[in-house]
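Please keep the sequence and the structure in view while reading.

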Amino acid sequence: MDSRTKGKTVMEVGGDGVAVITLINPPVNSLSFDVLYNLKSNYEEALSRNDVKAIVITGAKGKFSGGFDISGFGEIQKGTRKEPKVGYISIDIITDLLEAARKPSVAAIDGLALGGGLELSMACHARISTPGAQLGLPELQLGVIPGFGGTQRLPRLVGLTKALEMILTSKPVRAEEGHSLGLIDAVVPSAELLTTARRWALDIVERRKPWISSLLKTDKLPPLGEAREILKFARGQTRKQAPNMKHPLMCLDALEMGIVSGPRAGLEKEAEVGSQVISLDTTKGLIHVFFSQRGTAKVPGVTDGGLVPRKIKKVAIIGGGLMGSGIATALILSNYPVILKEVNEKFLEAGIGRVKANLQSRVRKGSMSKEKFEKTMSLLKGSLDYESFRDVDMVIEAVIENISLKQQIFADLEKYCPQHCILASNTSTIDLNKIGERTKSQDRIVGAHFFSPAHVMPLLEIVRTNHTSAQVIVDLLDVGKKIKKTPVVVGNCTGFAVNRMFFPYTQAAMFLVERGADPYLIDMAISKFGMPMGPFRLCDLVGFGVAIATATQFIENFPERTYKSMIIPLMQEDKRAGEATRKGFYLYDDKRKAKPDPELKKYIEKARSISGGNVDPKLVKLSEKEIIEMTFFPVVNEACRVFAEGIAVKAADLDIAAIMGMGFPPYRGGIMFWADSMGSKYIYSRLDEWSKTYGDFFKPCAFLAERASKGAPLSAPVEQARSRL
Ligand SMILES: CCC[C@H](O)CC(=O)SCCNC(=O)CCNC(=O)[C@H](O)C(C)(C)COP(=O)([O-])OP(=O)([O-])OC[C@H]1O[C@@H](n2cnc3c(N)ncnc32)[C@H](O)[C@@H]1OP(=O)([O-])[O-]
Ligand SMILES: NC(=O)c1ccc[n+]([C@@H]2O[C@H](COP(=O)([O-])OP(=O)(O)OC[C@H]3O[C@@H](n4cnc5c(N)ncnc54)[C@H](O)[C@@H]3O)[C@@H](O)[C@H]2O)c1
């Protein structure tokens with residue numbers, strides 16, 4: 001293969017007259033332009049050769065195809081590759097050359113057929129798959145639409161309602177379901193895949209099996225009126241669920257066109273829309289997230305040194321409270337045997353009870369069988385001492401946030417655990433160097449910072465100190481992947497990456513409210529921006545105890561740039577501590593539904609009188625855009641500091657940390673990507689102006705000032721960062 005080309009296809013013609021074309025583009029046989037153009041040449045040859053009667057398409061190494069090569073979209077967005085003529089691949093190649101050929105094609109699907117991969121197979125005249133195959137059109141998740149005919153062929157194969165479900169949720173189906181839906185013609189073991197597909201192709205030639213062009217099928221489509229109703233409902237749902245994104249609605253336009261005006265018009269609409277969506281900002285953000293998420297596990301100086309993760313056979317967790325029980329749940333769900341240690345029988349029972357409840361909720365929802373529940377629970381053992389720690393490979397400490405307790409625990413661990421054992425802490429704020437002060441094991445001490453609820457939230461911050469060994473990080477990255485978390489490796493500092501970047505978010509919101517802004521309008525503007533909830537609703541959810549403890553850390557460590565508001569402490573004094581007490585910034589009913597509380601004014605006014613700030617008429621009437629900027633630009637400012645100090649290696653890691661740890665909207669690409677979409681100059685000028693009026697809380701940091709003065713993107717690598725890693 002030429003080093004500049006990305007992937008290829010190979011064609012072998014057998015004595016039976018079947019040409020087998022294999023897609024080869026590791027690791028997932030994505031359909032790069034090179035693969036697609038090779039495929040075209042193979043087809044032209046196969047169609048012109050007299051010794052070829054039929055064609056089978058398959059993928060190398062047990063994978064059919066993971067779809068169009070996503071990096072191709074980036075090349076088109078950046079202008080480094082010219083987009084082919086609209087419809088060239090989907091109409092000229094896939095429809096007119098392949099589906100309309102005089103010789104039949106059969107897809108032999110092993111492993112996965114996603115996006116363009118499934119679309120290519122749907123243009124074949126039959127599909128044979130192995131039992132484990134995943135079949136789906138996940139394009140909307142990437143901000144694009146199915147662009148190789150999927151909007152037309154899927155509804156014709158599985159019906160409109162199921163096609164809409166598959167496309168709008170981006171969720172794949174397994175082979176058996178695909179078979180019952182009519183997407184797959186036969187499911188056979190891997191060893192029989194190619195022979196079955198070859199025979200099937202010859203049977204089509206011999207008319208022993210039907211020669212079906214999916215695009216021309218109509219039997220699964222509902223009558224026009226009904227189809228319109230179904231699409232109208234889908235549009236309504238989409239508008240509600242994804243109000244800030246255009247591409248799902250544009251995808252529905254292509255589907256509708258095919259149903260109303262026929263598949264050819266539908267293909268043309270799909271091609272036109274497919275080309276338009278590539279330049280949407282939301283699409284750029286989502287594609288950036290796809291690659292950034294996979295990039296977090298690549299840590300320079302750690303993962304590029306040839307280290308192989310050691311096998312972690314058994315894990316111990318200390319503390320079965322909220323976090324410890326969640327972490328234990330995540331581990332046993334991925335088949336790790338776990339020992340849970342608590343202080344006494346009562347707390348141990350409560351901790352195990354919490355794990356049980358986490359799993360039982362899955363049984364109730366039908367996503368876990370009773371047998372699986374029993375088997376998973378059997379991996380968890382309770383303990384009140386360290387005796388059973390003698391053969392564990394990793395310990396995760398999750399006791400209360402108390403430094404001397406943690407120091408004592410780590411000193412004990414050093415005595416009881418084997419020498420190779422990883423010693424991790426789930427602390428949110430305490431310096432890991434201090435935690436390990438009473439040990440000689442600093443090289444195996446690491447932060448494993450989970451987010452609450454730990455068995456649900458997708459992020460794992462892996463915090464390394466100057467002493468943590470590369471091997472320990474490689475091991476923890478592997479555990480993270482096995483328990484289905486996205487790991488982000490960060491340096492040791494107060495709040496690490498996520499909590500540190502976001503402490504100014506809540507503080508900015510408190511500042512605005514003390515100066516006269518309406519908290520409920522702030523929450524509304526921020527939810528509309530795409531956060532799962534606004535800062536006040538979030539404080540209620542987290543609880544004021546945690547909010548105060550966290551804020552104290554930032555006030556102590558970054559006094560020059562923290563805004564100290566008394567609103568929360570005043571409410572806490574009055575026994576309003578958030579959702580758990582049914583009263584916080586909102587009032588909560590039995591169903592946890594939040595309702596604004598007119599009494600809130602009282603606390604705001606009192607806090608204002610303590611801070612001595614006045615109502616500012618400008619801040620009373622902020623537009624939604626101003627609310628977003630005044631709450632998120634301080635976050636960008638802190639993210640810049642985190643990046644400049646080398647706490648994060650790549651700006652993209654901060655994007656993923658913000659999305660997975662705080663729910664920052666993925667279609668905005670993450671905090672740094674979003675900031676760059678506005679430009680460093682603009683953000684600097686806004687913060688600079690506010691800092692002159694409202695003080696140092698808003699003062700732009702040196703890194704931001706420098707990038708702004710050069711007009712440089714904030715995400716460009718830090719050349720000479722004083723890396724703390
Ligand atoms: C006009 C076009 C129309 C068409 O309708 C559009 C599409 O098809 S859109 C596409 C629709 N398809 C999708 O949306 C599927 C997107 N892909 C996935 O969901 C998962 O990667 C998959 C399930 C396939 C494997 O999961 P896993 O086993 O956990 O493995 P992993 O996730 O860690 O990935 C391993 C490596 O493969 C890389 N890579 C993967 N796919 C692609 C790709 N299409 N392209 C390029 N690269 C791709 C990935 O970056 C990573 O690289 P690296 O350098 O090693 O970091
Ligand atoms: N709550 C969060 O949202 C959150 C998020 C991330 C990290 N953290 C961190 O996780 C840790 C635990 O927090 P939590 O919210 O689960 O606290 P928690 O109070 O719910 O649980 C702590 C548990 O530790 C137990 N414990 C105390 N000393 C012990 C000992 N010597 N041996 C065994 N068990 C002991 C306690 O009995 C209690 O059950 C803290 O360091 C916290 O900063 C919390």
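Which residue in strand 9 is the bridge partner of Ser129? The answer is Val187, which is the bridge partner of Ser129 in strand 9. What follows describes a predicted model, and every value in the report is to be read as computed from that model.

## The six-stranded sheet

The pairing between Ser129 and Val187 belongs to the contact between strand 6, which spans residues 126-129, and strand 9, where the two strands run in the parallel sense and are joined over two bridges. These strands are part of an open sheet of six strands, arranged in the order 1-2-3-4-6-9, and the pairing across the sheet is mixed. Strand 1 (8-13) and strand 9 (186-187) stand at the edges with a single partner strand each, so one side of each of them has no neighbour in the sheet.

## The site of ligand 1

Ligand 1 is surrounded by 25 residues, and the closest of these are Gly116, Glu119, Glu139, Arg294 and Lys298.

The shell around ligand 1 draws at least two residues from each of strand 5 (112-114), helix 4 (116-123) and helix 12 (281-295), and helix 12 gives the most, with three residues. By residue class, the shell divides into 14 nonpolar, six polar and five charged residues.

## The site of ligand 2

Around ligand 2 there are 22 residues, with Met323, Glu342, Glu401, Lys406 and Asn426 the closest. A polar side-chain atom of Glu401 lies 2.4 Å from an oxygen atom of ligand 2, while backbone atoms supply two further contacts: a backbone N or O atom of Met323 lies 2.8 Å from an oxygen atom of the ligand, and a polar backbone atom of Leu322 is 3.0 Å from an oxygen atom of the ligand. On its own ligand 2 has 830 Å² of accessible area, of which the protein covers 80%.

The elements that give two or more residues to this shell are helix 13 (322-333), helix 16 (403-416) and strand 15 (445-450). Helix 16 gives the most, with three residues, and the shell as a whole comprises eleven nonpolar, seven polar and four charged residues.

The structure holds one cavity of 30 Å³ or more, and the largest cavity has a volume of about 50 Å³. The residues that line the largest cavity are Phe503, Pro504, Arg561, Pro634, Asn637, Glu638, Arg641, Phe697 and Lys699, which divide into four nonpolar, one polar and four charged residues.

Helix 19 (498-514) and helix 26 (624-644) each supply at least two residues of this lining, and the largest share, four residues, comes from helix 26.

Technical notes
Residues are numbered from 1 along each chain as its sequence is written. Chains are lettered from A and ligands numbered from 1 in the order in which they are written. This is a predicted model: local features need pLDDT of at least 70, side-chain atom pairs count only at pLDDT 80 or more; totals for chains, interfaces and linings use all residues. Side-chain values use heavy atoms; hydrogens and water are left out. A residue is near a molecule or strand if one of its heavy atoms lies within 4 Å of it. A polar contact is a pair of N or O atoms within 3.5 Å; within protein, one must be able to donate a hydrogen and the other to accept it, and residues adjacent in sequence count only if both atoms are side-chain atoms. Accessible areas come from the Shrake-Rupley method with a 1.4 Å probe; for residues, only the protein chains shown count as cover. Ala, Val, Leu, Ile, Met, Phe, Trp, Tyr, Cys and Pro count as nonpolar, Asp, Glu, Lys and Arg as charged, and the others, Gly among them, as polar. Two strands pair if DSSP finds at least two bridges between them. On a 1 Å grid over the protein atoms alone, a cavity is a set of points where a 1.4 Å probe fits but cannot get out, and a pocket is an open set with protein on both sides within 12 Å along at least five of seven lines; lining residues have an atom within 4 Å of a point. Grid points are joined across faces, edges and corners, and a volume is the space filled by probe spheres set on the points.
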